[in-house]
Amino acid sequence: TWWPALWRALRAHAARRGLSWLTVTRDVADPQWPALQRAAGGRTYHTQLYEVRWPGASAAPWDGRPFRPEVGLL
């Protein structure tokens, strides 16, 4: 897998910019998740995603592909 090399490069780039931590979001069903978890370590947070539909809006065409939303940090 390419995650170990990519993670080292990301950490080095972040350190050069003065960042001491990184946040990465992945679906636990993503086949690359175990490799990233081994490469990065760190903390794991679980969340639940909900689909919201407004009256009159067309439904999202969920077709089984992995869904990777943006992460928001407060």
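The face of α1 turned away from its buried side carries two exposed residues, Arg-8 and Arg-16. Exposed means over 50% relative accessible area, buried under 20%, and partly exposed in between (1.4 Å probe, protein chains only). The model is predicted: local features need pLDDT of at least 70, side-chain atom pairs count only at pLDDT 80 or more, and totals for chains, interfaces and linings use all residues. Residues are numbered from 1 along each chain as its sequence is written, and side-chain values use heavy atoms, with hydrogens and water left out.

The buried residues of α1 are Trp-3, Trp-7 and Ala-14. They lie on the same side of α1, because they cover an arc of only 30° around the axis. The arc is that of the directions from the helix axis to the C-beta atoms. These buried residues pack against α2 (33-40).

Helix α1 spans residues 3-16, 14 residues in total. From its first C-alpha to its last, α1 reaches 20 Å, close to the 20 Å expected at 1.5 Å a residue. The expected span is 1.5 Å times one less than the number of residues. Gly-18 follows α1 and has a positive phi, near 85°.

The chain holds two helices and zero strands. Both are DSSP runs, numbered from the N terminus: helices are H or I, at least four residues, and strands are E, at least two. Of the 74 residues, 9% count as buried. Among contacts (heavy atoms within 4.5 Å) between residues at least 6 apart in sequence, 51% join residues at least 24 apart.
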